Amino acid sequence: MAELAERPDEERLCASFDLPVGKSSRTRHWRVLREAGLVYQRDAGNGLYMRLRKEDLDRRFPGLIQAVIAAGQP
C-alpha cells in the first residue's frame, strides 16, 4: 500500500514489487487487496497491473490509507 500510495495515479506491474515471499504468497496478497477493494487490477497478457483506489478510498474512508501505512511501519 505504501509503495502504491507514493504514486496513486500510476499502475504498477505486480512483479515489480520487491517482496520477501514466494510467488503463491504474492498472488494471495494481491487477491486479498483486490477483494478488500483497496486496489484495481488489470490483466495485460502475461502481466498483471495494479493501482491504488485512492480517490474512492479517500472519499469513503478519509484517513484510511495513511492509517494502514502508519500501522505497517516499525
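Begin by selecting Trp-30, which counts as buried at 8% relative accessibility. The model on display is a predicted one.

The structure holds one aromatic pair. Its members are Phe-17 and Trp-30, whose ring centres lie 5.1 Å apart with the planes at 50°, so the pair is tilted. Because Phe-17 lies in the loop between strand 1 (12-13) and helix 2 whereas Trp-30 belongs to helix 2, the pair ties together parts that are 13 residues apart in sequence.

Next, display Arg-12. The charged end of Arg-12 sits over the ring of Phe-17, at 3.9 Å from the ring centre.

Now show the largest nonpolar core, which comprises eleven residues: Leu-4, Cys-14, Phe-17, Trp-30, Leu-33, Leu-38, Val-39, Met-50, Leu-52, Leu-57 and Ile-65. Helix 2 (23-35) and strand 3 (47-52) each contribute at least two residues to this core.

Within that set, centre the view on Leu-4. Leaving aside residues up to four places away in sequence, Leu-4 touches Arg-12, Phe-17, Val-39, Met-50 and Leu-52.

Finally, move to helix 3 (residues 54-60) and select Asp-56. Is this residue buried or exposed? Asp-56 counts as buried, because its relative accessibility of 17% falls under the 20% cut-off. With Tyr-40 also shown, a polar contact of 2.7 Å can be traced between the side chains of Asp-56 and Tyr-40.

Terms used:
Residues are numbered from 1 along each chain as its sequence is written. This is a predicted model: local features need pLDDT of at least 70, side-chain atom pairs count only at pLDDT 80 or more; totals for chains, interfaces and linings use all residues. Side-chain values use heavy atoms; hydrogens and water are left out. Helices (H or I, at least four residues) and strands (E, at least two) are DSSP runs, numbered from the N terminus. Buried means under 20% relative accessible area, exposed over 50%, partly exposed in between (1.4 Å probe, protein chains only). A polar contact is a pair of N or O atoms within 3.5 Å; within protein, one must be able to donate a hydrogen and the other to accept it, and residues adjacent in sequence count only if both atoms are side-chain atoms. A nonpolar core is a set of buried Ala, Val, Leu, Ile, Met, Phe, Trp, Tyr and Cys residues joined through side-chain atoms within 4.5 Å. Contact means heavy atoms within 4.5 Å. Rings of Phe, Tyr and Trp (its six-membered ring) pair if their centres lie within 6.5 Å; planes under 30 degrees apart count as stacked, over 60 as edge-to-face and the rest as tilted. A charge sits over a ring if NZ of Lys or CZ of Arg is within 6 Å of the ring centre and within 35 degrees of the ring normal.
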